[in-house]
Amino acid sequence: MKSLYRLQAIVVKELTQLKRDRMTFGMVIMIPLIQLMLFGFAINTNIRDIPVGVVDQSQTALSRVLVQTITATQVVEFTEHFYDIEAAHAAIARGEVRAVLVIPQDVSQRLVRHKTVGLGTPPSSDEETSRPVAQWIVDGSDTMVAAAIKGLRAMPLTELLGMPANRMTPTFEVALFYNPEQRTAVNIVPGLVGVILTMTMIMFTSAAIVRERERGNLEMLITTPIRSIELMLGKIIPYMFIGILQVIIILGLGYSVFNVPINGSLLQLAGATLLFIMASLTLGLVISTIAKSQLQSMQMTIFVLLPSILLSGFMFPYEGMPIEAQYIAEALPATHFMRLIRGVVLRDVEIIDMTYDVTWLAIFTVIGLIVASMRFKKNLG
């Protein structure tokens, strides 16, 4: 009986401590709740409204009906119109659209020929019946997006022409850029850089100030003339080198083991990576000024890490998320870095052509440093 009383006393003590530790208690509730909401609402493998463009070389009523028919599938949304294929290629490289539909000048003749063959008129040649009606140029680096667009090869055209699906059904030609073999590793390896840097960089600095407080080193800092902003910068600079080393290891192994190419400039890659490393480190510093213990800082890091993995476009396409989840994703540094590193590594894009993501990371870093410096107080409290 005495043993049970002692056990009861320990259980009551632990429950009381948990009740007093509001941060831990909140994480116990929030982490499963966030996971449920993310997987239940935000994560959707049934992709809709993929942003695409069109190059309409025909400029006829039939070509416009064709675009409207494809739009009605809700798989894609035509957000851009280009006058030539070169401009379309550049937009795909910059990530402005995920694919472009090229409608040739003779699209009417091609559709009519397929319809007459489908109604029983014998084809004049096998080449004539096999000619595609139009062409999709697709960013194949995201295999899920590419698969969704490849599913549009014939379905809209059979509906448009009132034809049964058969061997004479007109189809789109699909040209896959950047990953024609549709290898998953090509998309995963660059994205993995963002996930690992998010996890390690935030984890390193999220405990930086808390660790100084727990070890009693803040007493020494109080007696020094160091400023808050100098302390913040001193905390993040050493970890920048660790982050660069991690990037070299990941991309090096990705190239040698999985044959993932690095098509862009290493200088462009270094610039984008340093921006993201600094943004992640400053986010960790902000967490460190909020947390009261290293355990709390670890819990808050997990709180940031889960959305960064699930909403950044690493595992699931950004276009498949509801608009509310996209707003949350835009607030995460990982989302912007996913676009940058995949653009540089896979599509050979210069970061100056992705000014939105570069500017966002730079502003986030500056604001993060200012907030962390303002919240840091050189005292034992």
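Student: Which helix gives the largest share of the nonpolar patch?
Tutor: In this predicted model, helix α2, residues 22-42, gives the largest share, 6 residues. The patch covers about 650 Å² and is made by V28, I29, M30, L33, M37, F41 and F303.

Student: Why is I29 called partly exposed?
Tutor: I29, found in helix α2, has a relative accessible area of 45%. Buried means under 20% and exposed means over 50%, so the 45% of I29 falls in between and the residue is partly exposed.

Student: Which residues does UniProt list as "transmembrane region"?
Tutor: The unreviewed entry lists 23-43, 188-210, 236-257, 269-288, 300-318 and 358-376. Such annotations may be inferred rather than shown by experiment.

Student: How much helix is in residues 300-318, and how much in 358-376?
Tutor: Residues 300-318 are 63% helix and 0% strand, with end C-alpha atoms 24 Å apart. Residues 358-376 are 95% helix and 0% strand, with end C-alpha atoms 27 Å apart.

Student: What lines the largest pocket?
Tutor: The largest pocket holds about 720 Å³ of space. It has 32 lining residues, and the closest to its centre are G95, R98, Y318, E319 and R339. β2 (76-81), α15 (323-330), α16 (333-347) and α17 (355-375) each supply at least two lining residues, and α16 has the largest share, 5 residues.

How values were computed
Residues numbered from 1 in each chain as written. Predicted model: local features only at pLDDT ≥ 70, side-chain atom pairs only at ≥ 80, totals over all residues. Heavy atoms only, no water. Patch = residues over 30% accessible without salt bridge, like charges linked within 9 Å, V, L, I, M, F, W, Y side chains within 5 Å. Areas by Shrake-Rupley, 256 points an atom, 1.4 Å probe, with all protein chains shown as cover. Salt bridge = Lys/Arg side-chain N within 4 Å of Asp/Glu carboxyl O. Helix = DSSP H or I, 4+ residues; strand = E, 2+ residues; numbered from the N terminus. Buried < 20%, exposed > 50% of the residue type's maximum accessible area, 1.4 Å probe, protein only. 1 Å grid on protein atoms, 1.4 Å probe; cavity = no way out; pocket = protein on both sides within 12 Å on 5 of 7 lines; lining within 4 Å. Points joined across faces, edges and corners; volume = space filled by probe spheres on them.
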